[in-house]
Amino acid sequence: MTVLASTRQGPKRKHQRLVLVALALVAMIGGVLLAMSALKDQAAYFYTPSEAQAAKVEAGKAIRLGGMVEVGSLKRGPDGVTVNFRLTDGKASVPASFSGITPDLFKENSGAVAEGAFDAQGVFRATNILAKHDERYMPREMEGITYDPKTHKVEAAKP
Amino acid sequence: MIAEAGLAALWLAALLAGAQLLFAWAAVAKGNADALRLIRPVTVAQGVLTGLAMTLLIILFLRSDMSVYLVAANSHSMKPFIYKFAGAWGNHEGSMLLWVAVMSLAGAAVALFERGLDKRTHIATLGAQAAISLGFYAFLLLASNPFARLDPAARDGQGLNPLLQDPGLAFHPPTLYIGYVGLSVAFSFAVGALLTRQVNARFARAVRPWVLAAWILLTFGITAGSYWAYYELGWGGWWFWDPVENASLMPWLAATALLHSASVLATRDALRAWTIMLAVVAFAMSMIGTFLVRSGILTSVHAFAVDPTRGSFILILLGIYIGGALILFALRAHTVNEGARFDPVSREAMLVINNLLLCVILALVLIGTLYPLLTEMMGVRVSVGPPYFNTIIGPIALALMVVLVIGPMLRWRKDDAKLLLRRAAVPGGLALLALIAIVGLSSRAVGLLPTLGLAVAAALALASLAPLWKRNLLRTPLFTYGMVIAHFGCAVSLAGMASESAFSSERLAAAKPGDTYEIAGMTVRLDSVMPFAGPNWTAMQAALTVSKDGRVIGVAHPQARFFSDPPTPTTESVQMTRWNGQLYLVLGEALEDGRWQLRIWWKPFVTFIWLGGGLIALGGVLALIGRVRRERRNSKAQASAAAAMVAA
């Protein structure tokens with residue numbers, strides 16, 4: 001029975017199944033390679049201000065910068081929608097600027113993660129700001145970070 | 001007492017699930033007749049018990065019983081009724097109970113209503129369903145008991161996260177969960193069919209309605225969730241590639257592929273092993289989705305708690321079920337005979353390409369979602385967002401839409417490439433016209449992807465109607481209409497996405513009362529900002545008058561709200577819907593000099609995105625009704641034919 005079936009229609013049938021399996025493999029491998037190459041260019045790395053300075057992040061490269069908004073640094077521009085502030089991790093502090101409506105809990109002495117890139121002058125131009133959202137939720141990178149406004153001391157939990 | 005009754009119901013249900021698995025084994029492997037008789041009542045009883053447990057939890061939330069830990073931690077006696085009700089699943093334990101309840105109710109439905117399947121495969125399917133349920137009962141009872149008591153009782157609850165205090169909460173999680181869990185049914189069918197070696201067209205016809213039902217709810221849930229995020233967050237975006245969004249998208253992608261391959265299997269008896277594999281992948285994605293959401297492992301606005309024990313529990317379940325299914329697949333794959341052959345130019349071939357593209361998109365979303373997790377384990381923190389997803393998924397999704405233009409024009413098994421070219425000429429021409437119109441008429445530079453998107457949308461809108469061409473519309477089966485409407489919905493949605501990304505305009509300003517802003521030919525004036533009080537929040541509320549050509553077309557009241565339990569500020573944006581798009585208005589912070597931040601977007605045809613999603617789901621509903629009716633009629637016809645044979 002099986003012998004009959006395979007001699008009558010076997011080879012061609014096997015062939016089609018093989019083609020399908022090969023196609024699926026090619027598509028999946030292609031997909032994974034594509035994902036890997038895209039991740040290399042498009043994944044945004046997270047830095048604290050001191051890490052960003054140490055790593056000499058080049059201007060224009062999209063990153064996430066996380067730290068505490070330094071006390072006394074938060075200033076609003078005359079247009080009412082641009083804010084300038086400094087992000088600190090206790091070891092270093094970086095000037096940053098953002099245009100838009102800031103999150104509800106974005107304030108001095110509070111944790112924030114800015115998405116964006118440094119400009120040529122070394123100012124971090126944020127395109128988006130994530131702040132601690134409520135008492136229970138905060139950006140994951142900010143977990144465990146505490147900040148003392150008097151001494152500017154920051155204790156960061158390393159992953 | 002209610003809490004204890006709920007817990008008892010759950011334990012009893014778990015015992016019944018164990019019995020169900022045992023009976024299924026005895027019936028299928030040993031041919032035990034008693035087990036065969038008992039398995040369906042046991043399955044139904046298990047469904048009833050978990051349904052009861054869920055109902056009891058809702059009652060506890062409605063009564064604000066603060067002696068129950070879950071209620072005290074997530075509810076508040078002053079909360080509006082609907083949020084007490086929906087708050088029952090707006091937390092980890094409650095949502096897992098909802099998951100289990102839906103799963104065992106779906107099992108009961110399979111026991112009661114499934115008629116098309118071979119008897120032994122049906123029983124094996126119920127056994128597989130019981131095996132999955134058991135794992136989730138263990139998770140619920142050992143690691144996330146929703147009925148745990150609090151002693152002494154709290155004076156009042158801690159309240160529900162204000163972001164979740166929205167009517168969307170009442171519908172969004174249940175629809176998505178039913179969709180997720182519906183895929184567990186497809187998985188159980190696949191395991192049942194592998195165990196009894198019945199992977200064939202009959203299996204596909206039986207599994208198709210269940211996959212369709214799950215897929216409809218996922219489609220609806222994703223569409224609703226997207227609109228919810230769009231208006232609730234006040235960020236103006238409709239898809240953020242947030243891990244939680246991806247968690248719902250991945251099962252949908254797998255289910256869409258499964259739906260189409262099950263169609264091939266049911267109609268042409270081809271793609272057998274392929275369909276089984278997709279059923280396993282689809283449920284794996286449901287479980288990965290649950291893992292991502294419930295473990296709180298990723299940065300996300302949805303992740304409220306981090307609890308590693310729960311995450312590892314789900315991972316272990318994932319390993320057991322998916323690993324087990326894959327081993328079974330490897331052992332049985334050679335017994336699955338290859339189905340019917342088809343030509344490279346045929347509808348089957350196009351559906352294979354559809355499946356491949358969907359799987360590639362699925363892989364890209366999965367990798368992009370998990371990548372930050374993997375690097376974090378190695379001490380490097382990265383985030384993967386829209387730049388990654390849009391750049392690589394956009395073009396592939398567009399290719400998928402092109403395949404969707406061509407696919408339904410082809411005949412099954414074998415077709416002629418020349419004839420296809422002739423059939424595709426009209427939609428192709430339309431796409432070209434659209435392309436010329438956009439490039440020629442648009443006053444601003446439009447990106448390549450949105451331009452192509454609009455052109456393909458035009459072609460697809462026309463081509464999706466082709467299956468109705470030269471047909472008697474009254475005699476066309478309902479499921480054909482379903483397909484046409486769903487595919488047309490893809491065109492509508494694609495047009496909305498492309499238009500939103502190409503033609504949106506934005507104003508950002510600090511305004512004092514009396515200031516006006518021009519946007520897309522409309523004038524927005526800030527009249528006043530006044531305090532306003534709601535049931536459990538206070539707000540500052542702006543009055544914005546929108547006029548066009550000197551005529552007032554509406555007044556909008558966006559708010560900056562402040563909730564007291566827990567203390568949280570939120571923004572309530574306002575969307576003014578016009579026939580050709582939406583005006584999106586957000587009130588920001590007050591400045592020291594009395595000005596208010598104001599953000600205004602004009603988003604042309606953005607509503608098409610969700611309208612299209614709704615059409616896709618509607619198409620699914622029509623297809624489901626059409627298929628079920630057809631199967632009923634067929635089985636009746638068979639029964640009467642059999643009766644006639646006996647009579648003769």
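This is a predicted model: local features need pLDDT of at least 70, side-chain atom pairs count only at pLDDT 80 or more; totals for chains, interfaces and linings use all residues.
**View 1. Chain A and its elements.** Chain A has two helices and nine strands. From the N terminus on, these elements follow the order α-β-α-β-β-β-β-β-β-β-β. The chain has 159 residues, of which 34% count as buried. Among its contacts between residues at least 6 apart in sequence, 49% join residues at least 24 apart.

**View 2. The contact between chain A and chain B.** Here 39 residues of chain A are in contact with 41 residues of chain B. On the side of chain A that touches chain B, the elements giving two or more residues are helix H1 (2-42) and strand E1 (44-47) of chain A. H1(A) gives the most, with 16 residues. By class, this side of chain A has 20 nonpolar, seven polar and twelve charged residues.

**View 3. Strand pairing across the two chains.** Strand E1(A) is joined by two bridges to strand E1 (residues 382-383) of chain B. The two strands run antiparallel. Ala44(A) has Ser383(B), in E1(B), as its bridge partner.

**View 4. Helices H1 and H2 of chain B.** Helix H1 (residues 2-30) of chain B packs with helix H2 (residues 33-62) of chain B at an angle of about 160°, and their axes are 8 Å apart. An angle over 145 degrees counts as roughly antiparallel, so H1(B) and H2(B) are roughly antiparallel to each other. Their crossing is left-handed. The residues of this contact comprise 27 nonpolar, five polar and no charged.

**View 5. Helices H12 and H13 of chain B.** The axes of helix H12 (residues 347-377) of chain B and helix H13 (residues 386-406) of chain B cross at roughly 165° and come within 10 Å. H12(B) and H13(B) are therefore roughly antiparallel to each other, and their crossing is left-handed. Residues of H12(B) in the contact include Met350(B), Ile353(B), Leu357(B), Ile361(B), Leu364(B) and Gly368(B). Among those they meet in H13(B) are Tyr388(B), Phe389(B), Ile392(B), Ile396(B), Leu400(B) and Val403(B). The residues of the contact divide into 17 nonpolar, two polar and no charged.

**View 6. A strand hairpin in chain B.** Strand E9 (residues 574-578) of chain B and strand E10 (residues 581-590) of chain B run antiparallel, joined by five bridges. They form a hairpin with two residues between them. Met576(B) stands opposite Leu583(B) in E10(B).

View 7. Most residues other than glycine have a negative phi, and most peptide bonds are trans. The views in this set show exceptions.

- A cis peptide bond, with omega about 0°, joins Asp151(B) and Pro152(B). Pro152(B) lies in the loop between helix H6 (119-143) and helix H7 (168-195) of chain B.
- Asp269(B) is a residue other than glycine with a positive phi, near 55°. Its place is in the loop between helix H9 (243-268) and helix H10 (272-295) of chain B. Asp269(B) counts as partly exposed because it has 16 C-beta neighbours inside 10 Å.
- Ala520(B) also has a positive phi, near 45°. Ala520(B) is found in the loop between strand E3 (516-519) and strand E4 (522-533) of chain B. With 18 C-beta neighbours inside 10 Å, Ala520(B) counts as partly exposed.

Terms used:
Residues are numbered from 1 along each chain as its sequence is written. Chains are lettered from A and ligands numbered from 1 in the order in which they are written. Axes are lines fitted to C-alpha atoms, for helices over the stretch in contact, and angles run from 0 to 180 degrees between N-to-C directions. Helices (H or I, at least four residues) and strands (E, at least two) are DSSP runs, numbered from the N terminus. Angles under 35 degrees count as roughly parallel, over 145 as roughly antiparallel, 65 to 115 as roughly perpendicular and the rest as oblique. A crossing is left-handed if the near helix is turned anticlockwise from the far one by less than a right angle, and right-handed if clockwise. Two residues are in contact if their C-beta atoms, placed from the backbone, lie within 7 Å. Ala, Val, Leu, Ile, Met, Phe, Trp, Tyr, Cys and Pro count as nonpolar, Asp, Glu, Lys and Arg as charged, and the others, Gly among them, as polar. Two strands pair if DSSP finds at least two bridges between them. A residue is buried if 20 or more other C-beta atoms lie within 10 Å of its own, exposed if 12 or fewer, and partly exposed in between; C-beta atoms are placed from the backbone.
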